[in-house]
Amino acid sequence: GGVGKTTLATVLYDRISQQFVACCFIDDVSKNYRLHDGPLGVQKQILDQTLGQDNHQIHNHYNATNLIRCRLCHQKALMILDNVDHIEQLEKIAVHREWLGAGSRIIIISRDEHILKQYGVDAVYQVPLLDSTNSLQLLCRKAFKLDHILNSYEGLVKYILNYVNGLPLAL
């Protein structure tokens, strides 16, 4: 946690979403799944964001799954599912790339690579920690609002950089 998965996905979404007819970014699938009717709550968000589908006519999981499959089958869609923490969430949300139009992409963000492999994703990208140069730059910009270390803080900065070991959220 804290390496920047959601931040990178947000930037990617902002940069490429205009290339797709239907787009959605489901923030924190795990939380939404727990708090809003399980898979049905997430499916309603997908339909709302991609099609502007009125949630009042969606009464059950089967109905939502069928709407997603039928209404998005010819659409070039981009779906980002953030913070998936169980394989069952993906299976019950029931969104499959082959149900979507040509050129569609589903991006799944998870801390657990095993979930992605078990679900059968095409590629896994592991977000790397920051190198020492980028760590220093981020710390200086956030702490000092400058691109360099203030002389009186050199020792403290070196200690902090060593301690956080390139984790952006810690910086």
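The domain assignment of the chain gives domain 1 (5–119) and domain 2 (132–170), with bounds that come from an automatic or database domain assignment. This is a predicted model, in which local features need pLDDT of at least 70 and side-chain atom pairs count only at pLDDT 80 or more, while totals for chains, interfaces and linings use all residues. Residues are numbered from 1 along each chain as its sequence is written, and side-chain values use heavy atoms, with hydrogens and water left out.

**View A. Tyr13 and Phe25 form an edge-to-face pair.** Rings of Phe, Tyr and Trp (its six-membered ring) pair if their centres lie within 6.5 Å, and planes under 30 degrees apart count as stacked, over 60 as edge-to-face and the rest as tilted; by this rule the count comes to three aromatic pairs. The ring centres of Tyr13 and Phe25 are 5.7 Å apart with their planes at 85°, so the pair is edge-to-face. Because Tyr13 lies in helix H1 (residues 5–16) and Phe25 in strand S1 (residues 22–26), the pair ties together parts that are 12 residues apart in sequence.

**View B. Tyr159 and Tyr163 form a stacked pair.** Their rings lie 6.2 Å centre to centre, with 20° between the planes. Both residues belong to helix H8 (residues 154–164), four residues apart, about one turn of the helix, and both Tyr159 and Tyr163 are exposed. Helices (H or I, at least four residues) and strands (E, at least two) are DSSP runs, numbered from the N terminus.

Methods
Buried means under 20% relative accessible area, exposed over 50%, partly exposed in between (1.4 Å probe, protein chains only).
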